[in-house]
Amino acid sequence: MSLLKILDLSNNDISGSLPSDFSCSNMIGVHLSRNQLQGSLEDAFFDCLRLVVLDLSHNNMTGSIPSWFERFYQLGYMILGHNNIEGEIPIQLCNLTQLSLIDLSHNNLSGHIPPCLRSTSNFASLSLSSGEEIEFTTKRNIYSYQTSMLDYFSGIDLSCNKLIGQIPIQIGYLNEIHVPNLSHNNLNGKIPASFSNLSQIESLDLSHNNLQGNIPSQLTELDFLEVFNVSCNDLSGKTPEKVKQFATFDESSYRDNPLLCGWPLQKDCATMESSPSISRNSNDTEESNCFIDMEGFYVSFGVAYVMVLLTIAGVLFINPYWRQVWFYFVEVSIDKCYYFLIDNLGCLSKFKLF
């Protein structure tokens with residue numbers, strides 16, 4: 001079927017591998033999501049140079065993302081989430097200037113995020129039929145977007161992988177992006193202050209990483225932000241001011257950051273700053289927490305010991321009943337020790353200990 005433009009076999013029970021001799025020279029849309037397809041992407045779709053949509057999400061695809069995907073110069077929607085794809089994100093994807101939606105979530109991708117990765121609103125969907133739909137997760141929910149809605153929507157979902165390194169500051173200059181989701185990875189470093197340039201952003205999820213440092217105060221300038229989540233990181237300092245959209249976020253947006261304080265958390269920043277046990281970044285503070293004044297310890301221990309002895313002596317001197325009980329206890333203890341030695345002395349002599 002050399003004239004076929006759109007193939008939609010999604011939401012079935014199709015299994016097996018993708019054919020290497022797939023005839024798709026005129027195809028602009030391939031929808032194979034929610035099946036049981038497996039195998040590698042390495043040999044499939046090589047001649048599909050006109051593809052605008054490639055949706056293989058919710059399958060069992062393995063292997064890595066081929067570097068030759070850069071041949072898809074018209075590709076606007078690459079949906080490969082919920083598979084078993086591994087390896088690094090190929091740098092060649094940066095050559096796809098028409099990419100609007102990138103979903104690589106729930107895979108086994110590793111390595112760094114390419115700083116040149118882009119996502120931009122475009123009109124690639126104009127070549128699609130009016131009945132086509134694409135699923136994409138935003139604001140914690142999965143939505144089906146029709147072609148008429150895709151003209152003005154863009155996003156990158158790299159969540160639930162094994163990505164490492166710092167978040168590229170270049171992502172903060174994708175002015176048209178609506179949804180960047182980098183949660184559930186092993187990313188470290190700081191949240192780029194350049195994220196304040198994402199004027200169209202509606203959802204920002206950076207949770208479940210190893211991010212450190214402060215939350216940039218400039219993020220309060222994001223007027224369309226509806227969902228914000230930086231929970232389960234190592235962030236520190238004060239939460240953003242309770243203004244604009246940030247006045248609507250509750251404690252769940254910031255939870256499990258031990259060194260984070262301020263509204264809506266229950267931790268007061270003034271209390272944390274005055275407590276030397278809170279700071280993990282100062283060597284002097286750590287040393288002061290671990291240091292024990294031994295001279296003071298000996299003095300306090302000696303005073304307490306003497307006070308206990310004087311208290312016992314005072315009670316025995318004043319109360320004749322307890323004095324009699326005490327002397328009886330001492331006498332009984334001496335007798336028990338004496339007879340214990342007598343009874344066991346013979347046994348000990350056999351081992352030539354005496």
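I started with Cys232, which counts as buried at 17% relative accessibility. Buried means under 20% relative accessible area, exposed over 50%, and partly exposed in between, with a 1.4 Å probe and protein chains only. Next I checked Cys160, and that one is partly exposed, with a relative accessible area of 22%.

A note on what I'm looking at: this is a predicted model, where local features need pLDDT of at least 70, side-chain atom pairs count only at pLDDT 80 or more, and totals for chains, interfaces and linings use all residues. Residues are numbered from 1 along each chain as its sequence is written, and side-chain values use heavy atoms, with hydrogens and water left out.

**Disulfides**

How many disulfides does the structure hold? I found 3 of them, a disulfide being a pair of cysteine sulfur atoms within 2.5 Å. Counting bonded cysteines along the chain, I get the pattern 1-2, 3-4, 5-6.

I looked at Cys24 and Cys48 and found their sulfur atoms 1.7 Å apart. This link is left-handed, with -90° about the S-S bond. Cys24 sits in the loop between E2 and strand E3 (29-31), and Cys48 in the loop between E4 and strand E5 (53-55), 24 residues apart. Strands (E, at least two residues) and helices (H or I, at least four) are DSSP runs, numbered from the N terminus. Cys24 is buried at 2% relative accessible area, and Cys48 is buried at 0%.

Then I went to Cys94 and Cys116, whose sulfur atoms are 1.9 Å apart. The torsion about their S-S bond is about 75°, so I wrote this disulfide down as right-handed.

For Cys261 and Cys269 I noted 2.1 Å between the sulfur atoms. Their torsion is about 105°, so this disulfide is right-handed. Both cysteines are buried.

**A sheet**

I traced an open sheet of 3 strands in the order E2-E4-E6, with parallel pairing. Two strands pair if DSSP finds at least two bridges between them. Strand E2 (15-17) and strand E6 (60-62) are at the edges with a single partner strand each, so one side of each has no neighbour in the sheet. I counted 3 bridges joining E2 to strand E4 (residues 36-40), and Ser17 has Gln38 as its bridge partner in E4.

**Whole chain**
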